[in-house]
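User: I have a model open here and would like to go through a few of its local features with you. Can we take them one topic at a time?
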Amino acid sequence: ELQRDTEPDSEERCRRCWEVLRPLYVVDPADVSKLDTFERCHLETERRAFGYAMTRILPALSAMQLRAEDVAAVTAPVLTIHGRRDRSGPYEGGRDWARILPDARLLSVDDAGHMPWIEKPHEVRRAIETFLAGEWPDGATEVR
């Protein structure tokens, strides 16, 4: 319906897309309004992002098959933070990143979706601060 009724790069279409997507990014419906600050439909790049993602990014990601051997040269520690109830990027994807990277841990955020920093801001911020201080945050686990 959006594709038929609105111009591809219009602000109206961008806003309508966000209306559909926002509830998918969080678990608690009360947190949907917190995503209003991310709406940037007045920017041309944001209005064009959906089309670019559909025609360029998603096909490229779908064609990619990363294995542990492909990322073996990554020596930096990596903290992957993933909401267990993510409906946009499957939770197993976060587990895969932590599993194939040589020095990675996964911090699973319960009762959070695609944007865990919105739903559990203190937990996520604390974890990032701990990681940036050179330590693994509590709850971050190796995935094998």
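User: Which residues does Thr-80 touch, not counting residues up to four places away in sequence?

Analyst: Bearing in mind that this is a predicted model, Thr-80 touches Gly-94, Trp-97, Ala-98, Arg-105, Leu-106 and Leu-107 once residues up to four places away in sequence are set aside.

User: And where does Thr-80 sit, and is Thr-80 buried or exposed?

Analyst: Thr-80 belongs to strand E1, which covers residues 78-83, and with a relative accessibility of 12% Thr-80 counts as buried.

User: Switching to cysteines, how many disulfides turn up in the whole structure?

Analyst: A search of the whole structure gives 1 disulfide, and that link joins Cys-14 to Cys-41 with an S to S distance of 2.0 Å. The torsion about the S-S bond is -75 degrees, and the link of Cys-14 and Cys-41 is left-handed.

User: What does the pair tie together?

Analyst: Cys-14 lies in helix H2 (residues 11-25) whereas Cys-41 lies in the loop between H2 and H3, so the pair ties together parts that are 27 residues apart in sequence.

User: What about Cys-17, how far away is the nearest cysteine sulfur?

Analyst: The nearest cysteine sulfur to Cys-17 is that of Cys-14, 6.9 Å away, and Cys-17 is in no disulfide; a disulfide needs sulfur atoms within 2.5 Å. Cys-17 also counts as buried, with 11% relative accessibility.

User: OK, on to the surface: which residues form the nonpolar patch?

Analyst: The patch on the surface is formed by Phe-50, Tyr-52, Met-54, Ile-57, Leu-58, Leu-61, Met-64, Leu-66 and Trp-97, which together have about 830 Å² of accessible area. Trp-97 is also among the residues that Thr-80 touches.

User: Which element gives the largest share of the nonpolar patch?

Analyst: Helix H3, residues 44-63, gives the largest share of the nonpolar patch, with 6 residues, and Leu-61 is one of the residues placed in helix H3.

User: Last one, Glu-129: where does Glu-129 lie, and how far is its C-alpha from that of Val-32?

Analyst: Glu-129 lies in helix H6, which spans residues 121-132, and counts as partly exposed at 41% relative accessibility. The C-alpha atoms of Glu-129 and Val-32 are separated by 25 Å, the two residues being 97 residues apart along the chain.

Definitions and conventions:
Residues numbered from 1 in each chain as written. Predicted model: local features only at pLDDT ≥ 70, side-chain atom pairs only at ≥ 80, totals over all residues. Heavy atoms only, no water. Patch = residues over 30% accessible without salt bridge, like charges linked within 9 Å, V, L, I, M, F, W, Y side chains within 5 Å. Areas by Shrake-Rupley, 256 points an atom, 1.4 Å probe, with all protein chains shown as cover. Salt bridge = Lys/Arg side-chain N within 4 Å of Asp/Glu carboxyl O. Helix = DSSP H or I, 4+ residues; strand = E, 2+ residues; numbered from the N terminus. Buried < 20%, exposed > 50% of the residue type's maximum accessible area, 1.4 Å probe, protein only. Contact = heavy atoms within 4.5 Å.
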